[in-house]
Amino acid sequence: MSLDKIWLSSPHMGGNEQKYVNEAFDTNWVAPLGPNVNGFEGDLETYLLSNSHVGVLSSGTSALHLGLILLGVGYGDEVICQSMTFSASANPIKYVGANPVFVDSEPDTWNICPDSLEEAIKDRIKRGKKPKAIIAVHLYGMPYKADRIKQISDLYDIPVLEDSAEALGSTFKGQKCGTFGDIGILSFNGNKIITTSGGGAIVLKNKELKDKAVFLSTQARDAAPHYQHSEVGYNYRMSNVCAGIGRGQMEVLDEHISLRRRMNHFYNTLFENIKGVNVFKEPNGDFYSNHWLSAITVDFTTTGKTREDLRLAFEEKNIESRPLWKPMHMQPVFKGCSYYGGNVSESLFESGLCLPSGSNLEDVDRERIFEVINTVFDLAIST
Ligand SMILES: *Cc1c(COP(=O)(O)O)cnc(C)c1O
């Protein structure tokens, strides 16, 4: 008998999702509009506060694409982007014909380094091109230093597109992630903190901008009885069926965050006495992470082990783990793009591993995870 797979992060239904989905079928709102779409947007606005106006879309990637369009980014422009992230943070820069300029991470939050960001801005301006936007990401649910990034954004008058795909429910100085940027985005992909099977949202500062985002996401139809278009449109709206899943998920979001944080606590306790293994944690009380994924770095000189040793040991026991995001400036697809900073993101990629973090993991799963870690690191200690 082979053991069930333990995933990094898998969908975790709360129970009422199907009720909302059934309502969509019962009322025949099987379309990219309807009561669940409006209801889910209302739930998110209530949750995020900060006078946010939310439009739900077909993915986080489409939200980033629309975000760049709303910020006026176009062909030949430059956009600064955190290098260490998922490729979906950077790909939309290419969709609009602009060029990414990548910036290194800082060691404590693993997110965009304010010093390297400022260095990049100054150098690009000196070269004659002021960047049009800054894409900052809250990796694995850890907030970036929103106050410092905002200062830099204000100083140089460059808007921030906040990629909060992994950070719904995280806060910085008490304010919810997703509400810091000039525009924010969320993702509800299958592996995220809550899911609509696939989906995303754009978070805007006023109703006019939200209306504009919804207009663009529904094929940019002008007000006319026939199909009339003055702008290029997109088919990016969320389905009312998927939004029903989202409404059910919102009911259990905070509970699922506390379960993710419990997984993080489990790893903190486990690795407490293993020198050379560091669990990624909040730098201080200003930061509150949803701990979407728990992650560690493994120092080879101290432990005699690499993150690959642990990853392969997990794999053997049908447990998923994964190296940290490979920085974008190291990716073949972005070869030749400008890069500012040192080797923080590169060394994180070399030594870092994401561990099973789902809110649906149980004691039997934790027992299996413990066994693997114990085997790998006990051996390291005895040699
Ligand atoms: C998941 C993710 C996205 C993309 O969201 P999708 O809904 O999958 O399109 C963008 N940025 C980051 C950092 C992500 O983790």
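## Cysteines

The sulfur of Cys113 lies 15 Å from the closest cysteine sulfur, that of Cys81, which is too far for a bond. A search of the whole structure accordingly returns 0 disulfides, a disulfide being counted when two cysteine sulfur atoms are within 2.5 Å. Cys113, at 12% relative accessibility, counts as buried, and Cys242 is also classed as buried, at 19% relative accessibility; buried here means under 20% relative accessible area, with a 1.4 Å probe and protein chains only.

## Basis of the model

This is a predicted model, in which local features need pLDDT of at least 70 and side-chain atom pairs count only at pLDDT 80 or more, while totals for chains, interfaces and linings use all residues. Residues are numbered from 1 along each chain as its sequence is written, and side-chain values use heavy atoms, with hydrogens and water left out.

## Ligand surroundings

Around the ligand there are 15 residues, of which Thr61, Asp163, Glu166, Ser187 and Lys192 come nearest; a residue is included if one of its heavy atoms lies within 4 Å. By class, this shell has 4 nonpolar, 8 polar and 3 charged residues, where Asp, Glu, Lys and Arg count as charged, and Gly is among the polar ones.

## Polar contacts and burial

Polar contacts are pairs of N or O atoms within 3.5 Å. A nitrogen atom of the ligand is 2.7 Å from a side-chain N or O atom of Asp163, and a backbone N or O atom of Gly60 is 2.8 Å from a ligand oxygen atom. In Ser187, a side-chain N or O atom lies 2.7 Å from an oxygen atom of the ligand. Taken alone, the ligand exposes 380 Å², and the protein buries 94% of that, by the Shrake-Rupley method with a 1.4 Å probe.

Notes:
Polar contact = N/O pair within 3.5 Å; in protein donor to acceptor, adjacent residues only side chain to side chain. Buried < 20%, exposed > 50% of the residue type's maximum accessible area, 1.4 Å probe, protein only.
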